[in-house]
Amino acid sequence: SIYPRHVFFDTGTVAGNGPPAPNSFNHVDNKMAGTPQPGPPGRQLGHYPSLPPGYQNTSVSHGAMAPIWSVNIYCPGPAQLSPSLAAMSLQSSTPEALRVVNLLQERNLLPPTPIPAPTPCLPQDLQKVNCHPEVFRSTLCNIPQTQSLLNKAKMPLGLLLHPFKDLSQLPVVTSSTIVRCRSCRTYINPFVSFLDQRRWKCNLCNRVNDVPEEFMYNPVSRSYGEPHKRPEVQNATIEFIAPSEYMLRPPQPAVYLFILDVSHNAVETGYLNVFCQSLLDNITSLPGDSRTKIGFITFDSTIHFYNLQEGLSQPQMLIVSDIEDIFLPTPDSLLVNLNECKELVQDLLKSLPTLFQKTMETQSALGSALQAGFKLLSPTGGRMTVFQTQLPNLGAGALQSREDPNQRASAKDIQHLSPATDFYKTLALDCSGQQVAVDLFMLSAQYCDLASLGCISRFSAGSVYHYPSYHHQHNPAQVECFQKDLKRYLTRKIGFEAVMRIRCSKGLSIHTFHGNFFVRSTDLLSLPNVNPDAGFAVQMSIDENLDDMQVVSFQAALLYTSSKGERRIRVHTLCLPVVNSLSDIFAGADVQAITGLLACMAVDRSVTSSLGDARDALTNAAIDSLTSYRQNVLTIQQPGLLSPACLRLFPLFVLALLKQKSFRTGTSTRLDDRVFSMCQLKYQPLAYSMLMIHPSLYRVDDLTDEGALNINERTIPQPRLLQLSVEKLSREGAFLMDAGTVIYLWIGQNCNPIFLTQVLGVPNYAAVPENLNLLPDLDTAESQRTRAFIGWLRDQRPFFPSLHIIRDESQRKASFMQNMIEDRTESALSYYEFLLHLQQQISK
């Protein structure tokens, strides 16, 4: 029988691809599981089945080149080859990115250091000013000349953005004239060309524009007549302070409304104490100015407002019990000026935790509380921060449990990934229209239907935080994460009433956006709030041949109101070369960006179609690109599973996605945890989502200063990255796994006693405590190195990963082992088995 074949981008069949692949792994699984594999005696499950000769052996055989990790991408044309590559007799004309790798023979493909983003092959003067890849990068650094060429390559074309990222250097320009193309409204940037002093040509639509008189003067050098030296033309990322024509209304003040669940369940978790204390500690650091406003709503089966009007001796609680028809009891005194009413606000925060201590209210009217918040914020816009600890079960937006715990480990399709009601999406769109974003903090041990509740944040450009099994006593690691995340959340910069538009060169178009926002017109994203930790992705197509162009450009412009009430525009411009051969397209593949974009596409497919379809489409993405490479780029056909060096980690990353919490099957996964993981893949910037897809593993019981970094007078050791396989662990060592939102430190049973005493402060393995989340602050070189390394890892991201120190018998060992992507489990293939499956499909 012919199975439907699931792919992400329907680009016609790959020539000679044979019949469609059966769309599940079962046929491989059964073959693998049914016959005992010959292998070394006493082989544990999780090691490779019978390995071909030379695969275990890490020395390089058959005259193949040892893997070199090169950052520079192949530049078309033999003149570009480096002398060392040209001197190689075997592969004299092949750049590093296109070196042929047989994945079934080369075992240690993972580079020992983090993978850098590839560098587009542009003339030096353009590359020097190009946008930083952490802010703006493309899945393909060489853009195909035509859509049919892109279809043939079988790789997705898209952009990944981190537009409001915290930057250490950002040029800010104040000017009454912001120079833009009169035709397509592109902002002047480093990739425009000056025909002479008075005329410039737009790099997106090619229109010739006049240079305004004011632009002739350069404020940096204080010279006249050199417009090409202005900061706007020297920096790919720049911020303008906008004049009044960029405002539809006077810039709004910073407005913060906190909506707090105070039901019995919420009080039990103890989160209120942490929240109130955190806001008290950080109240003077909330971004804003003399106009900042603040307000509070609490709720259980009724809605409680707080009158904080200046002149009251203490805050006044007003209860609205008619949740069917919500009204604001005293509309003018519920959102108050923070500076004028700070003492009342502080009084309220000190008394809130005790106010509901003895409550027996178990019901939750979240929907009505959100409606109240919307009414309160509508006149100004602002940010609504919601804390919820259970399934809302009363009034508007009430939900019922849809999770069957027996189905958590189902190998079949996962149900209920889409919302149960459109209440939360509809309310989010109303919020977005009034410049209100909603951020959701879920703190719960039970099912809350994040698939439905998450819509309130997704469509209003908010964010979701999830602390499963949060409890102030039983789960100290979660409490620490919540505290650290809350501090960052309350104090990080924020943009209000924002919109973002992405423009691209004539001939290219954007067709799908990923992230948290509402698409207001075809290419305008409405972002009532924008925060520095949000990422976005877009998919693109090539509508017209780009054959008369050497390069194309992409420009993202984010217009927002700062917390100080300034209207600002942040502009990022990226320039990439256009190529007309498949080998050049493959040479410019950015394997991490491709993986990040495919993850977003797979989340969408899971929700609109099914998890099974998404999994098949991921596998087919690897099959199709390697098939295209084999058929269209390789000149000499040879046996094996062949990949260009730049894509050699692609099958590993696809397998990692299939085993990731969002997409895995056959492993017990709570529905809310799965949905939260999907949310994160959609809106985390690439650097963080890659750690969630393929964690980093290091050995840390033998850290040295060799190759260490020196940051702020601290020495940060740089251990090698290890493959995610039990093979790499040893009972004599200690291994650190960084999985993005959580860090595990696994201690082997015969671990080096020096590490135990000098780092953990315990005399022997048996003395390692069961639930240790903190390294003691010991005055030893080993302790300082280990703490410096973990601190450095944590400092690289905006959220706080908890640390779990685990022994062989720890409960959390299973989570640690689940991240060993290269090993086989009862429900999933090992990396080697997966490679065999790919090879089988490609050689059909």
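Predicted model: local features only at pLDDT ≥ 70, side-chain atom pairs only at ≥ 80, totals over all residues.
Start with two helices. Helix H15 covers residues 591-608, and helix H19 covers residues 686-693. Their axes are 10 Å apart, and the helices pack at an angle of about 80 degrees. Angles of 65 to 115 degrees count as roughly perpendicular, and H15 and H19 are therefore roughly perpendicular to each other. On the H15 side, the contact is made by Gln 592, Ala 593, Thr 595, Gly 596 and Ala 599. On the H19 side, Leu 686, Met 690 and Ile 693 take part. Sorted by class, the contact of H15 with H19 has five nonpolar residues, three polar residues and no charged ones.

Next, look at the loop between helix H17 (650-659) and helix H18 (671-683), where Ser 662 lies. Is Ser 662 buried or exposed? The relative accessible area of Ser 662 is 0%. Buried means under 20%, so Ser 662 is buried. Leaving aside residues up to four places away in sequence, Ser 662 touches Leu 611, Arg 674, Ser 677, Met 678 and Leu 681. Among these residues, Met 678 can be looked at in more detail. The backbone nitrogen of Met 678 lies 3.4 Å from a polar atom of the Ser 662 side chain.

The last topic is aromatic rings. How many aromatic pairs does a search of the whole structure find? The search finds 26.

Another pair is formed by Phe 789 and Trp 792. The ring centres of Phe 789 and Trp 792 are 6.1 Å apart and the planes are at 25 degrees, so the pair is stacked. Both residues of this pair lie in helix H21 (residues 781-795). Phe 789 and Trp 792 are three residues apart, about one turn of the helix. Phe 789 is buried, as is Trp 792.

Aromatic residues also form a cluster. Its members are Phe 258, Tyr 271, Phe 275, Phe 296, Phe 387, Phe 441, Tyr 465, Tyr 467, Tyr 470, Phe 482 and Tyr 489.

Conventions
Residues numbered from 1 in each chain as written. Heavy atoms only, no water. Axes fitted to C-alpha atoms, helices over the stretch in contact; angles between N-to-C directions. Helix = DSSP H or I, 4+ residues; strand = E, 2+ residues; numbered from the N terminus. Parallel < 35°, antiparallel > 145°, perpendicular 65-115°, else oblique. Contact = heavy atoms within 4.5 Å. Nonpolar A, V, L, I, M, F, W, Y, C, P; charged D, E, K, R; others polar. Buried < 20%, exposed > 50% of the residue type's maximum accessible area, 1.4 Å probe, protein only. Polar contact = N/O pair within 3.5 Å; in protein donor to acceptor, adjacent residues only side chain to side chain. Phe/Tyr/Trp six-rings, centres within 6.5 Å; stacked < 30°, edge-to-face > 60°.
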